[in-house]
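Me: Can you walk me through this one? I'd like to go piece by piece.

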Amino acid sequence: MKKTMWIAGFAASLLALPVFAQSVPALDAPQTEVLPPIKMLSSDSVTLDAKEAEGLRLASKWKSNPDKPHTGPDGSVVYLFGATLPTLVCSPLQVCTIELQPGEVVSDQVHLGDKARWKVSPGTKGSPEGETTLVIVKPTDAGLETNLTIPTNRRVYSIKLVSTQDRWMPFLSFDYPEEIDRAWAEYREKRAKSTYNNTMPTGENVANLDFGFSIGGDSPSWKPVRVYSDGKKTYIQFSSSSFGGEAPALVALGNDGGIFSKPSEKQVNYRPIGDRYVVDKVIDRVALIQGVGSDQIKVTITRKGN
């Protein structure tokens, strides 16, 4: 009787236990632990001082500089190197090409912010003497954004990479400030040479001068090297301002005279300036005379067409 009453009391105590105490899992059931999410990047909690904030502002200003690219002769998108942060827009299943300066080579490996989803490989074009390095860029997906750094033997490129679903740039290239400066320097040098070659020492432009004069007669050491006119004055140029003695006189020759007589001579007013005689009119027929009698030296100058 007592045994029966003890069993009935034990069963009643089991029924009085809370529900959660009855749902104890079996010892061999798998245990699942829920972990908190893993943060891929730490939160931006760094405080920048005034110097660092100014550096960041300057970098942001350069990256957002609105200096726009233009179209190159080969259809490439051309940025002015150093003016702003260039952007290369690519698309999956398409190839984008960055063209470096001819003769420029990559001095180290290129550096990608996202190596897993962007693929970069080298390429070249042209002959070995003028070979151009190409950097081939391909994204694996759309909606990506990272940057690319290319160190070369001449400079370091920093390029932003963006991928879209179906929009892309086949070619990206650069204009270089030093090439532009060199082109302007060559232009100025060419202009200076042209001006020098076409300008007389006295400042007259050769294109505005008439050199239609013939020089005849004797051939002394001081014989004029050229005679020209600007339409108002006549210039008789010698190799130097020294004549090795008496300076020759300038006389106008008349149209008279014949086989047995000399043409009449008339003194011509002129001004010696440096290595030139300057006559304040256009001459037709003159002579430079040095000495007298049998020792006389005579050089004739005749305007062509007279």
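## Chat about the model

Me: Let's start with Thr302. Which residues is Thr302 in contact with, leaving aside its neighbours within four places in sequence?
Reply: Thr302 is in contact with Gly212, Phe213, Ser214, Asp284 and Arg285. Keep in mind that this is a predicted model.

Me: Where does Thr302 lie?
Reply: Thr302 lies in strand β19.

Me: Does Thr302 count as buried or exposed?
Reply: Buried. Its relative accessibility is 19%, and buried means under 20%.

Me: Ser214 was on that contact list. What is the bridge partner of Ser214 in β19?
Reply: Thr302 itself. The strands involved are β11 and β19, which pair in the antiparallel sense.

Me: How many bridges do β11 and β19 pair over?
Reply: Five bridges.

Me: OK, zoom out. What is the order of the strands in the open sheet?
Reply: The order is β11-β19-β18-β14-β15. That makes five strands, with antiparallel pairing.

Me: Which strands stand at the edges?
Reply: β11 (213-217) and β15 (265-267). Each has a single partner strand, so one side of each is left without a neighbour in the sheet.

Me: And what does the twist average from one strand to the next?
Reply: It averages 30°.

Me: Now β18. How many of its six residues are buried?
Reply: Five. Strand β18 (residues 285-290) is mostly covered.

Me: How do β18 and β19 pair?
Reply: They pair in the antiparallel sense, over six bridges. For one example, Gln290 stands opposite Ile297 in β19.

Me: What do β18 and β19 form, and how many residues are between them?
Reply: They form a hairpin, with six residues between them. Gly291 in the turn has a positive phi of about 85°.

Me: What about the β14 side? How many bridges join β14 to β18?
Reply: Four. Strand β14 covers residues 249-253, and the two strands run antiparallel. Leu250 has Leu288 as its bridge partner in β18. Ala249 has Ile289 as its bridge partner in β18.

Me: And how many bridges join β14 to β15?
Reply: Three, again with the strands running antiparallel. In β15, Lys266 is the bridge partner of Ala252.

Me: New topic: cores. Which residues of the largest nonpolar core touch the most other members?
Reply: Leu88, Ile98, Val137, Ile159 and Leu161. That core has 21 residues.

Me: Which strands each supply at least two residues of this core?
Reply: β3 (87-90), β4 (96-99), β7 (132-139), β8 (145-151), β9 (156-163) and β10 (171-175).

Me: Why would nonpolar side chains be found together?
Reply: In soluble globular proteins, nonpolar side chains tend to be buried together.

Me: Pick Ile98. Which residues does Ile98 touch, not counting residues up to four places away in sequence?
Reply: Its contacts are Leu88, Thr133, Leu134, Val135, Val137, Leu148, Ile150, Ile159, Leu172 and Phe174.

Me: What lies apart from this core?
Reply: Another core, of 15 residues. Trp222, Leu250, Val268 and Val279 are among them.

Me: Which of its lining residues are the closest to its centre?
Reply: Ser76, Glu99, Ser173, Phe174 and Asp175. In total, 15 residues line the largest pocket.

Me: Which strand gives the most to that lining?
Reply: β10, with three residues.

Me: Which residues is Val77 in contact with, leaving aside its neighbours within four places in sequence?
Reply: Pro69, His70, Met169, Phe171, Leu172 and Ser173. At 21% relative accessibility, Val77 counts as partly exposed.

Me: Last one. Where does Asp230 lie?
Reply: Asp230 is in the loop between β12 (226-229) and β13 (234-237). At 31% relative accessibility, Asp230 counts as partly exposed.

Me: Which residues is Asp230 in contact with, leaving aside its neighbours within four places in sequence?
Reply: Asn208, Leu209 and Tyr235. Asp230 and Asn208 are 22 residues apart in sequence and 6.5 Å apart in space, C-alpha to C-alpha.

Key. Residues are numbered from 1 along each chain as its sequence is written. This is a predicted model: local features need pLDDT of at least 70, side-chain atom pairs count only at pLDDT 80 or more; totals for chains, interfaces and linings use all residues. Side-chain values use heavy atoms; hydrogens and water are left out. Two strands pair if DSSP finds at least two bridges between them. Axes are lines fitted to C-alpha atoms, for helices over the stretch in contact, and angles run from 0 to 180 degrees between N-to-C directions. A nonpolar core is a set of buried Ala, Val, Leu, Ile, Met, Phe, Trp, Tyr and Cys residues joined through side-chain atoms within 4.5 Å. Buried means under 20% relative accessible area, exposed over 50%, partly exposed in between (1.4 Å probe, protein chains only). Contact means heavy atoms within 4.5 Å. On a 1 Å grid over the protein atoms alone, a cavity is a set of points where a 1.4 Å probe fits but cannot get out, and a pocket is an open set with protein on both sides within 12 Å along at least five of seven lines; lining residues have an atom within 4 Å of a point.
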